[in-house]
Amino acid sequence: MVINKIMYRISKSLREIYYSYYPDKDFLTLSENRMVWGLRVETCNICNANCIFCAYQYQKRKKRIMSEELYKKIIDDYNAMGGGPLGLVPVAGDPLIDPHILSRLHYARQFSNIKTLSIITNCINLHGVGVKNLLTSGLDSISVSTSGFDLELHEKIYRSKKAETMKSNLIELLAKNKELGNPCEVTIGLRTCQSLKEVMNDTDFKEISKLSNEVDINYYYDDWAGAITSGDLLAGMKLRPFSLLILRRKAPCWMLYGGLAILSDGTVAMCGCQELEGDSDLVLGNIMDSSLEDLYKSEQAKMIRKNWLNGSRIPEICRKCRNYNPYTFGMLKETRVKASV
């Protein structure tokens with residue numbers, strides 16, 4: 001198993017180096033004209049937690065719920081340009097705070113061009129939406145962010161007094177999903193200072209996690225362009241190291257090819273990883289002023305990619321981003337198969 005992982009990493013690195021010199025031009029043409037990785041829509045930038053690893057605590061832009069008019073224009077535009085995967089995933093916030101989340105999911109689901117629907121939630125307000133309501137809304141996947149069932153630790157990491165509520169909501173979510181025949185893929189993403197073994201020592205969590213599709217654990221955390229430091233985290237939680245610095249100089253990030261992020265006020269950015277305030281040099285404009293397709297295929301978007309590719313300018317927000325992956329990552333066969341590209 002270890003040898004296989006080592007061999008895969010070597011193979012992946014060699015193929016990415018090859019593509020950095022000899023890019024897959026057909027793939028680049030495809031991804032510059034269609035959102036192959038999908039659209040990320042922030043229907044609200046409000047959260048009911050204040051996680052130590054998240055820059056939500058430093059967010060300055062106005063907290064708001066996206067208007068129905070704005071949301072429907074986004075979905076209509078996305079459908080018109082061919083659609084693809086859709087994630088109602090805030091840059092910083094929780095989608096279940098949005099009082100219109102169910103109607104938004106229903107609206108998107110009526111379009112056959114919307115291939116998949118997904119959300120990420122901390123599960124704290126799931127009872128307010130209704131477990132069955134969410135599972136039968138048309139969602140394909142739900143990713144739950146939690147620290148496990150050590151409730152004292154959850155309060156330290158998520159800085160929420162609702163650990164018991166989260167626990168009961170998550171248990172009900174997984175049990176009801178099974179009862180309904182598993183209409184949704186439910187994965188658990190652990191944000192904790194504990195090891196996976198330590199989290200699984202909790203009998204309740206170990207048993208209920210068997211009903212999930214996957215339990216993953218974050219070993220590293222983003223620094224949100226310097227907003228989060230090691231001092232913000234608990235012992236055992238580490239900042240993600242900078243990677244692929246040599247490739248970064250000449251290979252644009254893969255997030256600039258094949259996707260967009262739209263903030264709650266309609267601001268459109270080429271990437272949502274770090275777009276906390278909606279004012280970076282990756283912002284293309286506002287969806288209410290142009291069509292989604294025009295923004296995606298704009299000269300500004302092309303110039304951002306071109307300038308990075310020829311080494312003349314890397315966007316400021318991208319220079320120290322710890323989520324960087326070269327655009328060659330999107331050319332890998334396994335990446336494209338996973339995304340059905």
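Modeller: F53 is buried, with a relative accessible area of 12%. Please bear in mind throughout that this is a predicted model.

Colleague: What makes F53 count as buried?

Modeller: The term applies under 20% relative accessible area, and F53 has 12%, so F53 is buried. Y221 has 2% and is therefore buried as well.

Colleague: Why is the pair of F53 and Y221 called tilted?

Modeller: Rings pair if their centres lie within 6.5 Å, and the centres of F53 and Y221 are 5.5 Å apart. Planes under 30 degrees apart count as stacked and over 60 as edge-to-face; the planes of F53 and Y221 are at 40 degrees, so the pair is tilted. This pair links distant parts of the chain, with F53 in the loop between β1 (38-41) and α3 (68-80) and Y221 in strand β7 (residues 220-221), 168 residues apart. The structure holds nine aromatic pairs.

Colleague: What makes the pair of Y257 and Y327 tilted?

Modeller: The ring centres of Y257 and Y327 are 5.3 Å apart and the planes are at 45 degrees, so this pair is tilted. Y257 lies in the loop between α11 (245-248) and β9 (259-262), and Y327 in the loop between α13 (299-309) and α14 (333-338), so the pair ties together parts that are 70 residues apart in sequence. Both Y257 and Y327 are buried.

Colleague: How do you know that R305 lies over the face of Y257?

Modeller: The distance limit is 6 Å from the ring centre, and R305 is at 5.3 Å from the ring centre of Y257. R305 also lies over the face of Y296, at 5.6 Å from the ring centre.

Colleague: How do you know that D77 forms a salt bridge with K73?

Modeller: The cut-off is 4 Å between a side-chain nitrogen and a carboxyl oxygen, and the closest N and O atoms of D77 and K73 are 2.7 Å apart. D77 and K73 are four residues apart in helix α3, so about one helical turn separates them.

Colleague: What makes K161 exposed?

Modeller: Exposed means over 50%; K161 is at 72% relative accessibility and so counts as exposed. K161 forms a salt bridge with E155, the closest N and O atoms being 2.7 Å apart. E155, at 32%, counts as partly exposed.

Colleague: How do you know that β1 and β9 pair?

Modeller: At least two bridges are required, and β1 and β9 have four, in the parallel sense. G38 stands opposite G259 in β9. On its other pairing, β9 joins strand β10 (residues 267-269) in the antiparallel sense over two bridges, where A261 has A269 as its bridge partner.

Colleague: Why is I3 called exposed?

Modeller: I3 has 64% relative accessibility, over the 50% limit, so I3 counts as exposed. I3 is placed in helix α1 (residues 2-21). A nonpolar surface patch of about 1,000 Å² is made by residues including I3, I6 and M7.

Conventions:
Residues numbered from 1 in each chain as written. Predicted model: local features only at pLDDT ≥ 70, side-chain atom pairs only at ≥ 80, totals over all residues. Heavy atoms only, no water. Phe/Tyr/Trp six-rings, centres within 6.5 Å; stacked < 30°, edge-to-face > 60°. Buried < 20%, exposed > 50% of the residue type's maximum accessible area, 1.4 Å probe, protein only. Lys NZ or Arg CZ within 6 Å of the ring centre and 35° of its normal. Patch = residues over 30% accessible without salt bridge, like charges linked within 9 Å, V, L, I, M, F, W, Y side chains within 5 Å. Areas by Shrake-Rupley, 256 points an atom, 1.4 Å probe, with all protein chains shown as cover.
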